[in-house]
Amino acid sequence: KQRLLAEGGRPLICKVSNVRRVLPGQSAGGPTWISQTEDVLIVHVPADHADYKLVTRAALGYHLGLLDADRFCIAGVARVQHRSLRRRYEIEREDMARERGPEHLNERLLFHGT
């Protein structure tokens, strides 16, 4: 939490100046995280893609905390690729793997819906 706050406890705000959106029907490139030159890239994920299926399995089901698959459906999935945040994540992950060991990273899937 401390890393998300600037000095004085103010929220840290990232200035993003270069964003591209990849829409359905456009070539998005590789299998998951695709090559990018922009700071932020918003990629439409097709329904037959592994990432789409992963989100569907994680969100819909009949267990506590999941959305009822009979009442809800996934209308679409978009991946937001933020280059500098990805680099920070990879550095932090490497540090944690060295400190705790790779089997103790305790990573979780994070997504949100609207």
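Trainee: Let's start with Gln36 and Gln81. What joins their side chains?

Mentor: A polar contact of 2.8 Å joins them. Keep in mind that this is a predicted model, so I am describing computed geometry.

Trainee: Noted! And where is Gln36 found?

Mentor: Gln36 sits in the loop between strand S1 (19-22) and strand S2, and S2 covers residues 40-45.

Trainee: Is Gln36 buried or exposed?

Mentor: Gln36 is buried, because its relative accessibility is 11% and the cut-off for buried is under 20%.

Trainee: Which backbone oxygen does the Gln36 side chain reach?

Mentor: That of Glu38, at 3.0 Å.

Trainee: And which residues does Gln36 touch, leaving out those up to four places away in sequence?

Mentor: Leu41, Gln81 and Arg83.

Trainee: Let me zoom out. How many helices and strands does the protein chain have?

Mentor: There are 2 helices and 5 strands. Along the sequence they follow the pattern β-β-α-β-β-β-α.

Trainee: What percentage of the residues count as buried?

Mentor: Of the 114 residues in the chain, 20% count as buried. The chain exposes about 9400 Å², with 55% of that supplied by carbon and sulfur atoms.

Trainee: What about contacts between residues 24 or more positions apart?

Mentor: They make up 41% of the contacts in the chain with a separation of 6 or more.

Trainee: On to helix H1. Which of its residues are buried?

Mentor: H1 spans residues 50-59, and its buried residues are Asp51, Tyr52, Val55 and Ala59. Looking down the axis of H1, you find them within an arc of 105°, so they line one face of the helix.

Trainee: Why would residues three or four places apart point the same way?

Mentor: Because an α-helix has 3.6 residues a turn.

Trainee: Then what do the buried residues of H1 pack against?

Mentor: Four strands: S2 (40-45), S3 (60-61), S4 (67-68) and S5 (77-82).

Trainee: And which exposed residues are on the face turned away?

Mentor: Ala50 and Arg57 are carried there.

Trainee: Nice one. Now pockets: how much space lies in the largest pocket?

Mentor: About 1600 Å³. The elements giving two or more residues to its lining are S2, H1, S5 and helix H2 (83-100).

Trainee: Which one gives the largest share?

Mentor: S5, with 5 residues.

Trainee: And which residues lie nearest the centre of the largest pocket?

Mentor: Of the 31 residues lining it, those are Ala78, Arg79, Leu110, Phe111 and His112.

Trainee: Last topic, Asn106. What is its phi?

Mentor: Asn106 has a positive phi of about 55°, although it is not a glycine. Most residues other than glycine have a negative phi.

Trainee: Where does Asn106 lie, and is it buried or exposed?

Mentor: Asn106 lies in the segment after H2. It is exposed, because its relative accessible area is 57% and the cut-off for exposed is over 50%.

Methods:
Residues are numbered from 1 along each chain as its sequence is written. This is a predicted model: local features need pLDDT of at least 70, side-chain atom pairs count only at pLDDT 80 or more; totals for chains, interfaces and linings use all residues. Side-chain values use heavy atoms; hydrogens and water are left out. Buried means under 20% relative accessible area, exposed over 50%, partly exposed in between (1.4 Å probe, protein chains only). The arc is that of the directions from the helix axis to the C-beta atoms. Contact means heavy atoms within 4.5 Å. A polar contact is a pair of N or O atoms within 3.5 Å; within protein, one must be able to donate a hydrogen and the other to accept it, and residues adjacent in sequence count only if both atoms are side-chain atoms. Accessible areas come from the Shrake-Rupley method with a 1.4 Å probe; for residues, only the protein chains shown count as cover. On a 1 Å grid over the protein atoms alone, a cavity is a set of points where a 1.4 Å probe fits but cannot get out, and a pocket is an open set with protein on both sides within 12 Å along at least five of seven lines; lining residues have an atom within 4 Å of a point. Grid points are joined across faces, edges and corners, and a volume is the space filled by probe spheres set on the points.
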